[in-house]
Amino acid sequence: MKEIYLDNAATTPLDPEVLEVMLPWLKGGYGNASSVHTLGRQAKVRIEDVRDIFADFIGARSSEIYFTSGGTEADNFAVKGITFAKLGSGMLTSGARPHIISSAIEHSAIIDTLEYLKLRFAVDVTYLKSDRFGKIDPKDAEKAIRPETILITIMHSNNELGVINDTLPFARIAHNHNIPFFTDAVQSLGKVTLDVKQMECDAASFSGHKIYGPKGIGALFLKKDTLIDKFMHGGKQERDRRGGTENTAAIAGFGKAIELLKSRMKSDIEQYSKLRAQFVKAIGETFGSNVIFNSPGCGSGSGDVPYLPNIVSMSFNPESVKTDADTLLIKLDMKKIAVSSGSACTSGSVQPSHVLKAIGYDDRSARSSLRVSFGRGNTAADIDTLVETLKDIIS
Ligand SMILES: Cc1ncc(COP(=O)(O)O)c(C=O)c1O
């Protein structure tokens, strides 16, 4: 039985070309990039080359790129770093509670960080609501601004629904009030053309393993002159903001993954879009009113809400389909088909997805939701097999 991997929003397989580029750095190229000898200098040169490649890819300057261990770290770096810098700057009138504006559909890397800041640093957080497809209204952000607002953070595209929120209006509103704007762009990289200058954001986070690169590598774009605290205390690496010996092999792999995107992104998007359209059509024809699509762009009245080409989230009607999503997931897994019942980072947790709850689902409906996410390795035959298998399991 062929393995069918349809959980590419959780992670993507490592591209063999990426692995090839990484291997020499794991074998012979073990020098510490801070060392002055040849081995060290070679590592340093590679790291700086990748910084240039990535900066160019997202329209940034090389000096605005900070390598991190992944998207979660980049999110923590930005949100905590900007908050702590403001707290430490004495810019807030004494007694005023610092305030952050975010959304209820952010990834847990943002929400958990914000909850920590609430608990330990008395930061007040406004979580903006979205519509039923995850679209957030910039006017709500404007209304939520207070004199003490120190940051607005809104994700660029959502990992469960695939909705894309154009972040430019949020950035402009933030800047009209002298507030920095940060966006988690982890899911958008490789599926949407991103230019941080045109997006006018002050910071944005990215991750390597969503783009056929290795795990354990990501990046933070931080616009020049953005006030931020050092994230990792230690050595002077990453412009003295993120101490720690650089992971040369992972950085080299990330660079190769970006180079592959340069030549492949257009065809990737075409491939994902075709698979997505095929899947949505087949699910609609097979299950009719027993399925509701949670993602925009599935013909369920989302209008012109933009969406990622590779993600479909759907819920089975719990009244007619008695099997919950976690049971479906296990049964599909027994047939060697991998999908997700929510965000990968919350899978395994008994809590229903906070994103589905935020778009209005009760616990029961949220628990009957599946996320299917397409990747380079998928074919039309995979989609046929998935739909047939779902039909068998459910009937
Ligand atoms: C939107 C979003 N942000 C952040 C992350 C965390 O990235 P990483 O797994 O690289 O830590 C993910 C991972 O699923 C994500 O989807």
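This is a predicted model: local features need pLDDT of at least 70, side-chain atom pairs count only at pLDDT 80 or more; totals for chains, interfaces and linings use all residues.
R239 sits in helix α8, which covers residues 237–240, and D240 is found in that helix too.

**Helix α8**
- R239 counts as exposed because it has 12 other C-beta atoms within 10 Å, and the cut-off for exposed is 12 or fewer.
- D240 is exposed as well, with 11 other C-beta atoms within 10 Å.

**The chain as a whole**
- There are 13 helices and 12 strands in the chain.
- For 395 residues, a compact globule would have a radius of gyration near 21 Å, and the chain agrees because its own value is 21 Å.
- Taken along the principal axes, the C-alpha atoms fill a box of roughly 65 × 55 × 35 Å.
- Buried residues make up 49% of the 395 in the chain.
- Take the contacts with a separation of 6 or more: 73% of them link residues 24 or more positions apart.

**Two domains**
- The chain splits into domain 1, made of 4–11 + 265–394, and domain 2, which runs 16–258.
- Between the C-alpha centres of domain 1 and domain 2 there are 28 Å.
- Where they meet, 29 residues of domain 1 are in contact with 25 residues of domain 2.
- On the domain 1 side of that meeting place, the elements giving two or more residues are α9, β10 (311–316) and α11 (354–358).
- Sorted by class, that domain 1 side has 15 nonpolar, 11 polar and three charged residues.

- As background, nonpolar side chains tend to be buried together in soluble globular proteins.
- The largest nonpolar core here has 69 residues, and the members touching the most others are I152, F182, A219, L220 and F221.
- Helix α9, residues 248–287, gives the most to this core, with eight residues.
- Another core lies apart from it, with 41 residues, including V163, L275, F316 and L332.
- Who does L220 touch, once residues up to four places away in sequence are set aside? The list is Y66, T68, A74, F77, A78, A203 and S205.

**Around the ligand**
- The shell around the ligand holds 16 residues, and G70, G71, T72, N159 and S207 come nearest.
- Helix α3 (residues 71–89) gives the most to this shell, with three residues.
- By class, the shell has five nonpolar, nine polar and two charged residues.

- You'll find I383 in helix α13, which spans residues 380–394.
- Is I383 buried or exposed? I383 is buried, because 24 other C-beta atoms lie within 10 Å and the cut-off for buried is 20 or more.
- Apart from neighbours within four places in sequence, I383 is in contact with L275, Q278, F279 and A282.
- For a sense of distance, I383 and K86 are 297 residues apart in sequence and 49 Å apart in space, C-alpha to C-alpha.

Note on methods:
Residues are numbered from 1 along each chain as its sequence is written. A nonpolar core is a set of buried Ala, Val, Leu, Ile, Met, Phe, Trp, Tyr and Cys residues joined through C-beta atoms within 7 Å. Helices (H or I, at least four residues) and strands (E, at least two) are DSSP runs, numbered from the N terminus. Two residues are in contact if their C-beta atoms, placed from the backbone, lie within 7 Å. Domain bounds come from an automatic or database domain assignment. Ala, Val, Leu, Ile, Met, Phe, Trp, Tyr, Cys and Pro count as nonpolar, Asp, Glu, Lys and Arg as charged, and the others, Gly among them, as polar. A residue is near a molecule or strand if its C-beta atom, placed from the backbone, lies within 6 Å of it. The radius of gyration is taken over C-alpha atoms; the globule rule is 2.2 Å times the number of residues to the power 0.38.
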